[in-house]
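Hello,

Here is the structure I promised to pass on to you. Have a look at it first, and then read on for what turned up in it.

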Amino acid sequence: MIDVLIMGGTWNPAGDPVTEAFAQRLDPELFNYRYVPYPATYGGRGMSYAYSVGEGRRALLDAIYRAPNPVLLAGYSQGAGIAGDVAASIKREPFSDLEVIGAALIADPLRPSGWGTVGINGCGIAGQRPISTMPVWWAVADRDPITALPEGSPLRSVADFTAYWSMNSVESFAQWGQSIVDTAVRQRYQQWWSPGNWREAAEVIGQANAYLFEGRHTAAYIAEGHCEWLADQVNGYARIRASQKSR
């Protein structure tokens with residue numbers, strides 16, 4: 001049996017239709033799945049995105065240590081970012097003893113270009129995080145700006161400058177302002193601007209509409225079968241792994 005540890009998306013740490021479409025398709029003879037609780041916030045009156053991600057990472061690592069079986073990491077949106085970051089660090093110190101067999105990521109905000117659903121361009125809105133330590137499957141909906149954003153899109157500045165956005169206290173608001181200064185001073189922002197990207201910059205309204213009104217980050221994953229496809233990839237991998245172990 002394999003334990004699937006799922007990190008839900010922003011505002012939905014206990015699951016939503018997207019993560020459930022994936023989870024319900026998993027073979028129950030091979031997998032036990034459960035959601036890992038974490039804040040899953042994105043600023044405003046709540047915890048900032050950066051702190052939510054940090055808490056999620058700690059929660060996921062603790063869940064891996066406590067799992068009685070080999071683990072498959074899974075996540076959607078913010079949760080995919082966390083699961084992918086953890087996957088990238090597994091098999092390296094101090095996590096080299098953890099038995100994690102793979103990761104299934106839906107709408108990963110750090111998806112590397114060229115990985116995931118065939119024929120979909122772009123990469124994660126927060127940049128690119130390659131994972132070479134284990135098998136990884138990415139589910140990507142075309143025109144989802146969170147995971148398939150053109151490299152020259154101005155929307156990348158949203159990810160760069162809102163990680164610490166929070167208005168739940170004067171201190172947190174001040175920290176957000178300081179984080180913007182630090183990002184600029186240390187040149188950690190994504191340099192999307194150049195004459196070659198002007199066409200993509202002109203399409204930013206369409207990219208925002210795809211997220212806000214067209215369901216490219218939500219309903220598309222269910223309607224177009226991306227969640228089921230992802231689960232089928234994982235099921236197939238687990239069956240091959242089980243057959244090899246039984247020999």
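Does Leu212 count as buried or exposed? Leu212 has a relative accessibility of 55%, so it counts as exposed. Please keep in mind that this is a predicted model. Leu212 is part of helix H7, which covers residues 204-212. Together with Tyr211 and Phe213, Leu212 makes up a nonpolar patch on the surface, and the accessible area of the three together is about 370 Å².

Now for the overall picture. The protein chain contains 9 helices and 5 strands, and 50% of its 247 residues are buried. Its accessible surface is about 11900 Å², with 56% of that belonging to carbon and sulfur atoms. Of the contacts between residues at least 6 apart in sequence, 74% join residues at least 24 apart.

The 5 strands form an open sheet with parallel pairing, in the order S2-S1-S3-S4-S5. At the edges are strand S2 (31-35) and strand S5 (136-139), each of which pairs on one side only. From one strand to the next, the twist averages 15 degrees. Inside the sheet, strand S3 (residues 71-76) and strand S4 (residues 100-106) are joined by 6 bridges; Tyr76 has Ile106 in S4 as its bridge partner.

Two helices that pack on the sheet deserve a look. Helix H2 (residues 49-66) touches strands S1, S2, S3 and S4, and its direction makes about 170 degrees with that of S1. Helix H9 (residues 226-246) touches S1, S2, S3, S4 and S5, at about 165 degrees to the direction of S5.

Finally, the salt bridges: the count comes to 9. Here are some of them.

- Glu55 pairs with Arg58, with the closest N and O atoms 2.5 Å apart. The two are 3 residues apart in helix H2, so about one helical turn separates them.
- Glu99 pairs with Arg241, the closest N and O atoms being 3.6 Å apart. Glu99 is in the loop between helix H3 and S4 while Arg241 is in helix H9, so this pair ties together parts 142 residues apart in sequence. Glu99 is partly exposed at 46% relative accessibility, whereas Arg241 is buried at 16%.
- Glu214 pairs with Arg143, and their closest N and O atoms are 2.7 Å apart. Glu214 lies in the loop between H7 and helix H8, and Arg143 in the loop between S5 and helix H4, so this pair ties together parts 71 residues apart in sequence.

A network of salt bridges also links Asp85, Asp108 and Arg129.

Best wishes

Terms used. Residues numbered from 1 in each chain as written. Predicted model: local features only at pLDDT ≥ 70, side-chain atom pairs only at ≥ 80, totals over all residues. Heavy atoms only, no water. Patch = residues over 30% accessible without salt bridge, like charges linked within 9 Å, V, L, I, M, F, W, Y side chains within 5 Å. Areas by Shrake-Rupley, 256 points an atom, 1.4 Å probe, with all protein chains shown as cover. Salt bridge = Lys/Arg side-chain N within 4 Å of Asp/Glu carboxyl O. Helix = DSSP H or I, 4+ residues; strand = E, 2+ residues; numbered from the N terminus. Buried < 20%, exposed > 50% of the residue type's maximum accessible area, 1.4 Å probe, protein only. Pairing = 2+ DSSP bridges. Axes fitted to C-alpha atoms, helices over the stretch in contact; angles between N-to-C directions. Contact = heavy atoms within 4.5 Å.
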